[in-house]
Amino acid sequence: MSDDFEFSRGFRFRFASPFISISARELEQYEVILSALAVSIPAGFANPTPENIASLQKELRSMLLLVNQSSFKPNVKAELQSALELTIASSEVIPVSLFMLAVNLQILLDYLLEVTLLFNIKKQLKDDLVIQIRCISISLSTAMNQVTSGLVGPQGPVGPQGPPGKSAQLLTNIVQFDPSNASAYAQGQMVTYNNNVYVANANNPAGVPGASVNYTLIFSSSTGATGPTGATGATGAGVAGATGATGATGAGVAGATGATGAQATVAGIIPFASTNDAATAITTDDQGNPETVIFSGFGPNTNYNILLAPGDWANGTITFNDTNIENNYGTSFIMPYDGTVRSIYVTIGSKYSDTISAGATMTPFACLATATPSSAVNEIIYTILPGTFTYTEPYIGDGMAIPKYSIRQGELTGLNISIPAGTLVGIVIGWQGVGVTTPQFSRFAVFGGIYMD
């Protein structure tokens with residue numbers, strides 16, 4: 001196998017190919033197993049009978065056998081083998097935990113999608129496989145939503161009937177309170193006093209209702225709430241008086257116009273990101289100078305690898321024309337107002353386990369490059385702004401692979417770099433190295449932001 005890697009846009013670099021070779025027989029088996037998983041995964045979650053779980057295990061073991069006998073690279077094979085072994089193990093627990101099985105299946109599908117995207121096969125066939133894996137992932141999520149939401153249980157039985165309530169007592173045998181005869185009242189006797197109704201709490205009650213503890217108020221005829229306000233009466237029919245004379249205008253002198261207020265400060269944040277299915281590749285020459293950079297975009301699949309023209313890096317420029325880079329433009333934005341760059345932040349994460357040469361120290365960076373293209377010239381030449389280089393922590397080469405998701409961060413604050421309105425601005429990502437004797441290559445995801453006012 002050649003040690004050269006060639007992008008579809010015609011750029012060739014000297015390093016081991018990241019693509020994965022797969023034979024026609026292996027590819028045919030891979031398609032058959034994916035089709036079977038598309039059926040067995042939803043069935044296993046919708047109705048997790050021993051037969052359905054066994055059918056799912058059969059397809060997972062078929063995929064494991066294919067990986068074991070494949071010609072995949074050792075690191076690719078190891079990742080797939082570990083994901084498959086854990087998934088099969090979680091399906092063998094009795095009773096099976098659908099939640100843990102779904103978690104392991106989703107991790108396995110992520111690995112299968114990553115490997116499929118690196119298969120060295122025709123684009124249309126690769127797209128079909130990717131769509132099939134995504135459909136399996138969607139069916140898994142749908143099945144888990146049904147499992148976790150649960151079903152409404154049956155209605156419970158009717159409770160026992162409560163005890164009967166006390167019978168109502170009618171207000172009968174009410175007499176008007178008579179102080180001369182009050183000592184003869186029996187307990188429960190109801191009397192009226194000052195338009196209120198009371199009941200005697202004891203035989204031979206003493207005192208006067210409303211003031212004695214021997215009586216309890218059971219009905220009050222106190223004044224009710226105030227009624228609503230009546231409608232407004234009709235307006236009187238009298239003749240309106242004549243309008244009075246207008247008073248004289250004051251003789252004061254108008255005050256002076258106040259001074260114009262200070263113009264408000266316009267500020268903004270420019271977020272940027274570069275991350276796509278195959279990650280973003282950056283390289284150096286054998287002296288550690290940037291050879292391939294990217295112009296970071298503002299979302300997935302918005303960046304392209306840019307091979308610098310001879311002399312560009314030494315001159316602090318990046319040239320786009322039909323001689324150097326004939327198919328791509330660098331993703332950029334146009335300044336809508338006269339602005340000043342105040343700070344730059346960048347985070348870089350390795351997406352694949354690429355290797356840095358032993359003894360080499362590689363430092364990723366982000367910087368700004370500006371251009372003022374003209375319709376009279378068929379090219380765009382960006383000038384790198386030297387004061388904007390924002391370096392992250394370095395990667396130290398020890399001959400071992402960089403761990404995936406190895407994060408490096410950098411920031412540059414306290415800047416005062418002016419950029420006029422209408423200027424084309426590119427956000428350039430690359431890396432530089434010291435102790436380098438051979439070209440260096442790696443693939444990263446990039447995230448960051450620029451603050452300007």
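In the predicted model, R342 forms a salt bridge with D453, and the closest N and O atoms of the pair are 3.1 Å apart. R342 lies in strand β13 (residues 339–350) and D453 in the segment after β21 (441–452), so the pair ties together parts that are 111 residues apart in sequence. R342 is partly exposed, at a relative accessible area of 29%.

Another of them joins the side chains of R61 and E92, with 2.6 Å from N to O. Because R61 is in helix α2 and E92 is in the loop between α3 and α4, this pair links parts that are 31 residues apart in sequence. R61 is partly exposed, with 38% relative accessibility, and E92 is likewise partly exposed, at 41%.

The protein chain holds 6 helices and 21 strands. Of its 453 residues, 40% count as buried. Among contacts between residues at least 6 apart in sequence, 68% join residues at least 24 apart. The accessible surface of the chain comes to about 26100 Å², and carbon and sulfur atoms account for 56% of that area.

In soluble globular proteins, nonpolar side chains tend to be buried together. The largest nonpolar core of the model has 39 residues, of which Y30, F45, M63 and L112 touch the most other members. Helices α1 (24–46), α2 (50–69), α3 (74–91), α4 (98–117) and α5 (123–149) each supply at least two residues of this core. The largest share, 8 residues, comes from α4. When neighbours within four places in sequence are left aside, M63 is in contact with Y30, I33, L34, L37, L84 and L112. Apart from this core lies another, made up of 30 residues, including I282, F333, V346 and I427.

On the surface, F99, M100, V103 and I107 form a nonpolar patch with about 360 Å² of accessible area together. M100 is placed in helix α4 and is partly exposed, with a relative accessible area of 42%. F99 is also one of the residues touched by M144, along with F45, L98 and A102, not counting residues up to four places away in sequence. M144 and F99 are 45 residues apart along the chain, and their C-alpha atoms are separated by 7.5 Å.

The average pLDDT is 84, and 83% of the residues score at least 70. Over residues 1–16 pLDDT stays under 50; for this segment the model has 35 contacts beyond four places in sequence.

How values were computed: Residues numbered from 1 in each chain as written. Predicted model: local features only at pLDDT ≥ 70, side-chain atom pairs only at ≥ 80, totals over all residues. Heavy atoms only, no water. Helix = DSSP H or I, 4+ residues; strand = E, 2+ residues; numbered from the N terminus. Buried < 20%, exposed > 50% of the residue type's maximum accessible area, 1.4 Å probe, protein only. Contact = heavy atoms within 4.5 Å. Areas by Shrake-Rupley, 256 points an atom, 1.4 Å probe, with all protein chains shown as cover. Core = buried A, V, L, I, M, F, W, Y, C linked by side-chain atoms within 4.5 Å. pLDDT = per-residue confidence, 0-100. Patch = residues over 30% accessible without salt bridge, like charges linked within 9 Å, V, L, I, M, F, W, Y side chains within 5 Å. Salt bridge = Lys/Arg side-chain N within 4 Å of Asp/Glu carboxyl O.
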